[in-house]
Structures are given as C-alpha cells and as structure tokens.
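Subject: Structure handover

Hello,

I am passing on the structure we spoke about. Please look it over first; my notes on what was found follow below.

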Amino acid sequence: MAVGTNTYGSTGVYSDTLATSFGCDSIILTALTIDPLILGTITFSRDFCSDEAPVNFTALPLGGIWVGPGIDSTTGLFSPALAGAGTHTVIYIPNSPCPIPDSVTVQVFSTPVINFVATDELCDQNNGSIVLTIAGGTP
C-alpha cells in the first residue's frame with residue numbers, strides 16, 4: 001500500500017506527513033491490516049460410476065464453499081447421478097478474505113445396461129443360445 005511517497009507491505013500503524021504546495025502539512029495515520037492468503041486443499045476425490053451413492057468430498061481448512069456440478073455447496077456431498085456422465089471440475093474455496101481455491105477433475109462414467117435373452121436347449125440337441133446386448137457405459 002502506498003501513502004504519499006512511502007510504501008507499506010506489512011500489518012501495522014503508520015504515520016505520514018504530507019505537505020501541499022502552499023506549505024500546509026497534514027499528518028495521516030494509517031492502520032493497515034494485511035490478511036494472509038489461505039490455501040484450500042481438497043483432501044478426498046476420486047472417479048465414479050453414475051449409479052454410485054453420493055460421497056462426501058473433504059477439504060482443508062474446514063468451512064469453505066464447494067462449486068461444481070453434482071456437489072452440495074456447503075457439505076461437499078457429491079452425487080454422481082446429479083453430476084451426470086462426463087468430466088467435471090470441482091472447486092473448493094476457503095472461507096477467507098484472501099482465499100486460494102483448489103480444484104480437482106472428477107470423471108463420472110456412465111453405467112452400462114446389460115440385457116440378455118436365453119433360449120433353452122431342446123432335447124439335448126445343443127441348440128440353446130444367449131443373445132447379450134450392452135448399451136451405454138464408458139469403457
């Protein structure tokens with residue numbers, strides 16, 4: 001922070017004297033507080049299948065805000081079904097005047113649907129069959 005010709009970079013109380021071109025002096029007292037940078041750190045994340053149960057993400061320091069698809073902004077509860085299949089960015093922002101957010105990339109894989117039709121064998125003729133179809137899913 002600059003006051004007159006002086007620059008201050010740490011918390012403290014500073015006194016500066018300023019003069020006008022007419023010779024009048026002014027004394028300015030500046031109480032300066034510099035808030036520390038607070039680094040957010042996501043401590044739990046992983047990839048999911050779209051049909052998995054919701055899971056709590058965790059981060060430090062506690063009490064920040066979560067941002068992203070499928071995540072509760074207060075609790076960090078991530079729902080793969082709400083997020084949907086795909087690649088998503090989840091961000092954690094610490095509750096601080098000077099936060100440094102953290103982010104992770106989460107992959108939600110679509111769940112395959114498997115159907116089959118079985119035909120029984122007739123009279124030991126080796127003519128039974130199974131027709132299997134797989135739809136959706138992420139390899």
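Ile-114, Phe-116, Ile-130, Leu-132 and Ile-134 make up a nonpolar patch on the surface, and together they have about 590 Å² of accessible area. A patch here is built from residues with over 30% relative accessible area and no salt bridge, with like charges joined within 9 Å and nonpolar side chains (Val, Leu, Ile, Met, Phe, Trp, Tyr) within 5 Å. Accessible areas come from the Shrake-Rupley method with a 1.4 Å probe, and for residues only the protein chains shown count as cover.

This is a predicted model, in which local features need pLDDT of at least 70 and side-chain atom pairs count only at pLDDT 80 or more, while totals for chains, interfaces and linings use all residues. Residues are numbered from 1 along each chain as its sequence is written, and side-chain values use heavy atoms, with hydrogens and water left out.

Strands β15 (113–119) and β16 (129–135) each supply at least two residues of the nonpolar patch, and β16 gives the most, with three. Strands (E, at least two residues) and helices (H or I, at least four) are DSSP runs numbered from the N terminus. Leu-132 is in β16 and is exposed, at 54% relative accessibility. Exposed means over 50% relative accessible area, buried under 20%, and partly exposed in between (1.4 Å probe, protein chains only).

Next, the sheet. Four strands form an open, mixed sheet in the order β7-β14-β12-β10. Its edge strands are β7 (48–49) and β10 (65–67), each of which pairs on one side only. Two strands pair if DSSP finds at least two bridges between them. Strands β10 and β12 (residues 86–93) run antiparallel and are joined by three bridges; Val-67 has Ile-91 in β12 as its bridge partner.

Leu-77 lies in strand β11 (residues 77–78) and is partly exposed, at 35% relative accessibility. The C-alpha atoms of Leu-77 and Asn-56 are 4.2 Å apart, although 21 residues separate the two along the chain. Beyond residues up to four places away in sequence, Leu-77 touches Pro-54, Val-55, Asn-56, Gly-70, Ile-71 and Asp-72, where contact means heavy atoms within 4.5 Å.

Finally, how many salt bridges are there? The count is one, a salt bridge being a side-chain nitrogen of Lys or Arg within 4 Å of a carboxyl oxygen of Asp or Glu. Glu-52 and Arg-46 form it, with their closest N and O atoms 2.9 Å apart. Glu-52 is partly exposed at 25%, and Arg-46 is partly exposed at 33%.

Regards
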